Amino acid sequence: MTKSLVAFRHELHQHPELSGQETETARRIIDFVRPFNPTRIISGLGGNGVAVVYEFGITESGQDGPTLLFRSELDALPIQEINPFAYRSDRVGVSHKCGHDGHSTIIAGLASWLSQAALATGRVILLFQPAEETGKGAKAVLEDTHFADLRPDYVFSLHNIPGYPMHEVVWVSGQFSPTVQSMAIALYGKESHASEPENGINPSLAVAELVTTFNQYVVADPAHADFALITPVHLVVGQREYGISAGYGEAHFTLRCWQTEGMDTLVKTLERELAGICTRHNLRSETNWFDYFPTTVNDEYCNTIVVKSATKAGLSIQQRPTPFKFGEDFGWFTQAFRGAMFGLGAGEQTPALHNPDYDFPDELIETGVKVFSGVIEEILGKQLT
């Protein structure tokens, strides 16, 4: 089965799709898990999401036992792959550089395990979620009317983490990831001849001031309760026409704070600074807020179950003292249900996430299946046929 899962991971890797466009990826998932006889398959959740449901111990009065949900992601990134291997992405400018192909393969591997499990009671949902990279997918799934019948008691997810020893389970007490959102500021001035900038309103100095002013509110130490990152990701001023003094500019930033309250305060502060800068430079502005990721909070009981499963699997375990700094829309699930997300070490020499030469390590597939199946055994109990 491991060879089959590796081949499936390579198939997903070779045919990546961007957030909200994962129709073929969803179809491949359904085709792969169907032979493992799930109770039912629900497609089109929150867009292109797929829920594969296994039910055990059904009685006349309904479902007995708790419901467990295990979530993976379908989408890839707008990054050009530079790896030369045979299963490299066949789509220009799109590739799986966050390991979602591997995460989905792990969850698909659970379907194989569940097809052989004889659990007395309970229900297991394997969720293949769309649009994680934009922060829209989890919320869309939760708001889908078809999800109402699937409401879980516990939710679990993992993320591979380059830089940690291969197979090491990395858990975080309480908060796993920060609140994250992005802002795009458009600045409107007035074009003029480049020889007469005084006759126009050039936003260049305002863009520069935005970057330096916003940077004053950065608290880069992850151990600090007021941790805040404000990262410039895209800056634009004018056009490549050398006789024209620019009249339009853009400044895009991504914001990260440990807590939602801190994010609310930071947003108000930056909006106040923006208003002052625009007034000083006689500019009009528009701000667009998007790609919101709420804080992912780990439940103590669910963390304990993950650690217990990893221990039984003989894996190395490490508690991380501070949350990870990347955004995770799994936070929408942990706001609604008890759950836990953990890191799975992807190797100390593996390229970092979102690097063009990154690739999910195939050896993690079996490890992920072991940890998740152990979680199912711990909560639901098992009697393998």
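Me: Which residues form one aromatic cluster?

Reply: This model is predicted. In it, Phe 70, Phe 156, Phe 342 and Phe 372 form one aromatic cluster.

Me: How many aromatic pairs does the structure hold?

Reply: It holds 18 aromatic pairs.

Me: What makes Phe 85 and Tyr 87 a stacked pair?

Reply: Two values decide. The ring centres are 4.0 Å apart, and pairing needs them within 6.5 Å. The planes stand at 15°, and the cut-off for stacked is under 30 degrees. So Phe 85 and Tyr 87 are stacked.

Me: Why is Tyr 87 called buried, and why is Phe 85 called partly exposed?

Reply: Buried means under 20% relative accessible area. Tyr 87 has 16%, so Tyr 87 counts as buried. Phe 85 has 21%, so Phe 85 is partly exposed.

Me: What makes the pair of Phe 147 and Phe 333 edge-to-face?

Reply: The angle between the planes is 65°, and edge-to-face needs over 60. The centres are 6.4 Å apart, within the 6.5 Å limit. The pair of Phe 147 and Phe 333 is therefore edge-to-face.

Me: How do you know that this pair links distant parts of the chain?

Reply: Phe 147 and Phe 333 are 186 residues apart. Phe 147 lies in the loop between helix H4 and strand E7. Phe 333 lies in helix H8.

Me: What makes the reach of helix H1 close to the expected one?

Reply: H1 has 13 residues and reaches 18 Å from its first C-alpha to its last. The expected value, at 1.5 Å a residue, is 18 Å. The buried residues of H1 include Leu 5, Val 6 and Phe 8. Helices H2, H3 and H9 are among what covers the buried residues of H1.

Me: Which residues have the most contacts inside the largest nonpolar core?

Reply: Among them are Phe 70, Leu 114, Phe 156 and Ile 376. This core has 53 residues. Its largest share, 9 residues, comes from H9. Apart from it lies another core, of 23 residues, including Phe 147 and Phe 324.

Terms used: Residues are numbered from 1 along each chain as its sequence is written. This is a predicted model: local features need pLDDT of at least 70, side-chain atom pairs count only at pLDDT 80 or more; totals for chains, interfaces and linings use all residues. Side-chain values use heavy atoms; hydrogens and water are left out. Rings of Phe, Tyr and Trp (its six-membered ring) pair if their centres lie within 6.5 Å; planes under 30 degrees apart count as stacked, over 60 as edge-to-face and the rest as tilted. Buried means under 20% relative accessible area, exposed over 50%, partly exposed in between (1.4 Å probe, protein chains only). Helices (H or I, at least four residues) and strands (E, at least two) are DSSP runs, numbered from the N terminus. The expected span of a helix is 1.5 Å times one less than its number of residues. Contact means heavy atoms within 4.5 Å. A nonpolar core is a set of buried Ala, Val, Leu, Ile, Met, Phe, Trp, Tyr and Cys residues joined through side-chain atoms within 4.5 Å.
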